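Hi there,

Here is the structure I promised to pass on to you. Have a look at it first, and then read on for my notes.

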Amino acid sequence: MLESWFNSPTVTITEIKRDAANQTAVDAETAAFSLYHYDSCMFCARVRKAIGALSLNIELRDIMTERSHFRDLANFGGRTTVPCLRIGGEEHADAEWMFESADIIRFLAEKFGAS
Ligand SMILES: N[C@@H](CCC(=O)N[C@@H](CS)C(=O)NCC(=O)O)C(=O)O
């Protein structure tokens, strides 16, 4: 049952492979993203799976192993729930903090998935 939940997509994602030039362009865009997560969180695992399927290089920030990530999430994101996608902004205060695994997966699939 757990496996069927994990594999039940909130959106359908087709696995993406890009040529080098396109991957470099996407990498430049996702350089401004980071995913706050931890290993044993199932909601985080579902987002990590989508990130892998979309061939995205997004920095993973584990809030359990690095307490400064937990503090940043709480202080700037305003919640301590993971997963959370931090988007853009030179400073944490300027970033957008997107919560909810389904919203994050939908956002990434719409932006970087097969059109
Ligand atoms: N509906 C949320 C659920 C997220 C959730 O419950 N995350 C748990 C970890 S698996 C969490 O962060 N709990 C700690 C807290 O709520 O502060 C989603 O799909 O992202």
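Predicted model: local features only at pLDDT ≥ 70, side-chain atom pairs only at ≥ 80, totals over all residues.

The protein chain holds five helices and four strands, and from the N terminus their order is α-α-β-α-β-α-β-β-α. Its C-alpha trace spans about 40 × 35 × 20 Å along the principal axes. The radius of gyration is 14 Å, which agrees with the value near 13 Å that a compact globule of 115 residues would have. Of the contacts with a separation of 6 or more, 64% join residues 24 or more positions apart. Buried residues make up 42% of the chain. The accessible surface comes to about 6600 Å², and carbon and sulfur atoms account for 51% of that.

Now to the ligand. The residues around it are Tyr-38, Cys-41, Phe-43, Thr-80, Thr-81, Val-82, Pro-83, Glu-100 and Ser-101. By type, this shell divides into five nonpolar residues, three polar ones and one charged.

- Val-82 places a backbone N or O atom 2.8 Å from a nitrogen atom of the ligand.
- Glu-100 has a polar side-chain atom 2.8 Å from a nitrogen atom of the ligand.
- Ser-101 has a side-chain N or O atom 2.6 Å from an oxygen atom of the ligand.

On its own, the ligand has 520 Å² of accessible area, and the protein covers 64% of it.

The peptide bond from Val-82 to Pro-83 is cis, with omega near 5 degrees. Pro-83 sits in the loop that runs between helix 4 (67–77) and strand 3 (84–87). Glu-100 has a positive phi of about 80 degrees, although it is not a glycine. This residue belongs to the loop between strand 4 (96–99) and helix 5 (101–112).

Ser-55 also has a positive phi without being a glycine, in this case of about 50 degrees. You will find Ser-55 in the loop between helix 3 (42–53) and strand 2 (59–62). Are these two residues buried or partly exposed? Ser-55 is buried, because its relative accessible area of 16% is under the 20% cut-off. Glu-100, with a relative accessible area of 44%, is partly exposed.

Best wishes

Key. Residues numbered from 1 in each chain as written. Heavy atoms only, no water. Near = heavy atom within 4 Å. Polar contact = N/O pair within 3.5 Å; in protein donor to acceptor, adjacent residues only side chain to side chain. Areas by Shrake-Rupley, 256 points an atom, 1.4 Å probe, with all protein chains shown as cover. Nonpolar A, V, L, I, M, F, W, Y, C, P; charged D, E, K, R; others polar. Helix = DSSP H or I, 4+ residues; strand = E, 2+ residues; numbered from the N terminus. Rg over C-alpha atoms; globule rule 2.2 N^0.38 Å. Buried < 20%, exposed > 50% of the residue type's maximum accessible area, 1.4 Å probe, protein only. Contact = heavy atoms within 4.5 Å.
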